[in-house]
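Hello,

Here is the structure you asked about. Please open it first, then read my notes below.

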Amino acid sequence: MRQTKKAFPISQIRGKRVVGENVLKKRLEQNATYSGLVDDMAMYEKDLNLNTLSPTIRHFYEYTNEYHLLASVNWHSWFKPFAAVYRLISRKILQINLPLSNKEVEMTGDILSVKDEVDGRRDTRAWIRKVNGEVCFVALYSSHQTKGRTYMNIGLPLPGSIMTGILELNQYGSSLGLSSSKKKDVEADSGTYLSTKRNRYKLPIEEEFLVEELASGGLKAVHDMRIFSLPFLTIHYAIYHESNSPKNNKML
């Protein structure tokens, strides 16, 4: 990793030895509620065409609490020994705590409002995801603008630090791509960063999401992660609205 002086906002929340839901203690806003990861996808309209973007994708991001997620976690073969060691750590700190098995599991969770004055960003919300009641992700969602482009700004608190994914949104037909790689502008904020109390570092990690609507009306998403340009993790998601049966939304 290398130190960077990019000036975009990051969450000021840092974890302790155990992250999990403890990191949100006394940091939640009781007088505000959020239904989705964003209030209105129109905030990304400069880079998206909402007339042709799948309405279901838009609805998922605006009303995330109404959807169920099934996930299949696939660690690439070369990385499995490292994943096994990391799993021993992640189960203790309860962050980025993913199963070793690729067996399909349900991810449950809630979206909660975080005090902006504590986080340091605007309209911050926490998306807590669990597998079998055990926390696997606590992600703090916000956004920021640089040179007219709006980025999704996601913080994952870690012990004494925070990892931040800055994602740019791009549209492919009716599908949505989210990427920490720089797609259009080499000076873009896109990237994965680790911030301590005094320094910010650019990490050699890249992530790509592709969200697509299925003929059944549900969604599928693929989350690919690379380190030093080598793929090490792929997560397949089946996403369906609470009014639909998961039996009609099988993962591809």
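The test asks for NZ of Lys or CZ of Arg within 6 Å of the ring centre and within 35 degrees of the ring normal. R125 does likewise over the ring of Y34, at 3.7 Å from the centre.

Some ground rules. This is a predicted model, where local features need pLDDT of at least 70, side-chain atom pairs count only at pLDDT 80 or more, and totals for chains, interfaces and linings use all residues. Residues are numbered from 1 along each chain as its sequence is written, and side-chain values use heavy atoms, with hydrogens and water left out.

Now the aromatics. There are 9 aromatic pairs (rings of Phe, Tyr and Trp, the last by its six-membered ring, with centres within 6.5 Å). Ring pairs join W75, W78, F79, F82 and F232 into a cluster. F82 belongs to helix α2, residues 80-93.

W78 and F82 also meet the surface. With L230 they make a nonpolar patch of about 320 Å². Areas are Shrake-Rupley, with a 1.4 Å probe.

Overall, the protein has 3 helices and 13 strands (DSSP runs of at least four and at least two residues). Buried residues, those under 20% relative accessible area, make up 51% of the 252.

Best wishes

Notes: Rings of Phe, Tyr and Trp (its six-membered ring) pair if their centres lie within 6.5 Å; planes under 30 degrees apart count as stacked, over 60 as edge-to-face and the rest as tilted. Patches are made of residues with over 30% relative accessible area and no salt bridge: like charges are joined within 9 Å, nonpolar side chains (Val, Leu, Ile, Met, Phe, Trp, Tyr) within 5 Å. A salt bridge is a side-chain nitrogen of Lys or Arg within 4 Å of a carboxyl oxygen of Asp or Glu. Buried means under 20% relative accessible area, exposed over 50%, partly exposed in between (1.4 Å probe, protein chains only).
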